[in-house]
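Dear colleague,

My notes on what was found follow directly after it.

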Amino acid sequence: NKIRDKSFYSDLALVLSAGKVSFFQLRLKRETNSNKLIIGKKIKRICKKYKVKFLINDDPLLAKKLNADGCHLGQKDMNLIKARAILNNKIIGITCHNSITLAKDAINAGADYLAFGAFYRTNTKKIKHYANKNILSWSKKNVKIPVVAIGGITNKNYSSLLDHGANYIAISSFIWKNKNILKAVKSFNKN
């Protein structure tokens, strides 16, 4: 949510160098737009070096300014049609909580991926919607675009999410609040 420490950038390079991260999402809720631009440019360079796709949370205009690879939208953010007009063929993902209806709406509007969750308790943000693994099983049978599982994911609970149909898992606290971030990221072994 806020980058307080200059070591974050070297930590990020360390995490991405492990080769286990496909996407990095910048989620800054309590920063000015000018700081988001400065931070975003630094992170984009690191992502590019390690061939990791760089996504911006909530803000298609910032994604466009940074020429990021795409944007992630929550249900209360700009709608997908408007975001697509700004970002053209960039990646746009949509939070669908635990809802087949929201998933179908996002697919029909042209989403590039769906995110379901939170699957577990998390301190990263206040959870209004919990998801269960049935939504992943449904998506495995019915959804042709990638599916991301989010919320409270650790090296102890992630593999059943993949087994039920998630293509990707989104992890925040388990990595960034761990004393050994490199060991944390390497503890995810499933391909």
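Two salt bridges turn up when the whole structure is searched; a salt bridge here is a side-chain nitrogen of Lys or Arg within 4 Å of a carboxyl oxygen of Asp or Glu. Please note that this is a predicted model, in which local features need pLDDT of at least 70 and side-chain atom pairs count only at pLDDT 80 or more, while totals for chains, interfaces and linings use all residues. Residues are numbered from 1 along each chain as its sequence is written, and side-chain values use heavy atoms, with hydrogens and water left out.

One of the salt bridges joins the side chains of K29 and D58, at 2.4 Å from N to O. K29 sits in the loop between strand 1 (23-26) and helix 2, and D58 in the loop between strand 2 (53-57) and helix 3 (60-66), so this pair ties together parts that are 29 residues apart in sequence. Helices (H or I, at least four residues) and strands (E, at least two) are DSSP runs, numbered from the N terminus. K29 counts as partly exposed because its relative accessibility is 43%, and D58 is likewise partly exposed, with a relative accessible area of 23%. For these classes, buried means under 20% relative accessible area, exposed means over 50%, and partly exposed lies in between (1.4 Å probe, protein chains only). D58 also has a positive phi of about 70°, although it is not a glycine.

The other salt bridge is formed by R84 and D112, whose closest N and O atoms are 2.9 Å apart. This pair links distant parts of the chain, 28 residues apart: R84 belongs to helix 4 (residues 80-87), and D112 to the loop between helix 5 and strand 5 (113-117). R84 is partly exposed, with a relative accessible area of 22%, and D112 is partly exposed at 29% relative accessibility.

Both ends of helix 5 deserve a look. S99 caps the N-terminal end of this helix (residues 100-109), with a side-chain oxygen 3.3 Å from the backbone nitrogen of T101. Just after the helix, G110 adopts a positive phi of about 100°.

Helix 2 (residues 33-49) contains K42, which is partly exposed at 32% relative accessibility. K6, K41, K42 and R45 form a positive surface patch; patches are made of residues with over 30% relative accessible area and no salt bridge, like charges being joined within 9 Å. G40 is also placed in helix 2, but it is buried, with a relative accessible area of 0%. The C-alpha atoms of G40 and A63 are 9.0 Å apart, and the two residues are separated by 23 residues along the chain.

Although K51 is not a glycine, it has a positive phi of about 55°; at 76% relative accessibility, K51 counts as exposed.

Finally, please examine the loop between strand 5 and helix 6 (133-142), where F119 is found. F119 counts as buried, at 8% relative accessibility. Its C-alpha atom is 30 Å from that of K48, 71 residues away along the chain. A118 lies in this loop as well, and the peptide bond from G117 to A118 is cis, with omega near 15°.

With kind regards

Terms used:
Polar contact = N/O pair within 3.5 Å; in protein donor to acceptor, adjacent residues only side chain to side chain. Patch = residues over 30% accessible without salt bridge, like charges linked within 9 Å, V, L, I, M, F, W, Y side chains within 5 Å. Areas by Shrake-Rupley, 256 points an atom, 1.4 Å probe, with all protein chains shown as cover. Lys, Arg positive; Asp, Glu negative; His and termini not counted. Charge placed at Lys NZ, Arg CZ, Asp CG, Glu CD.
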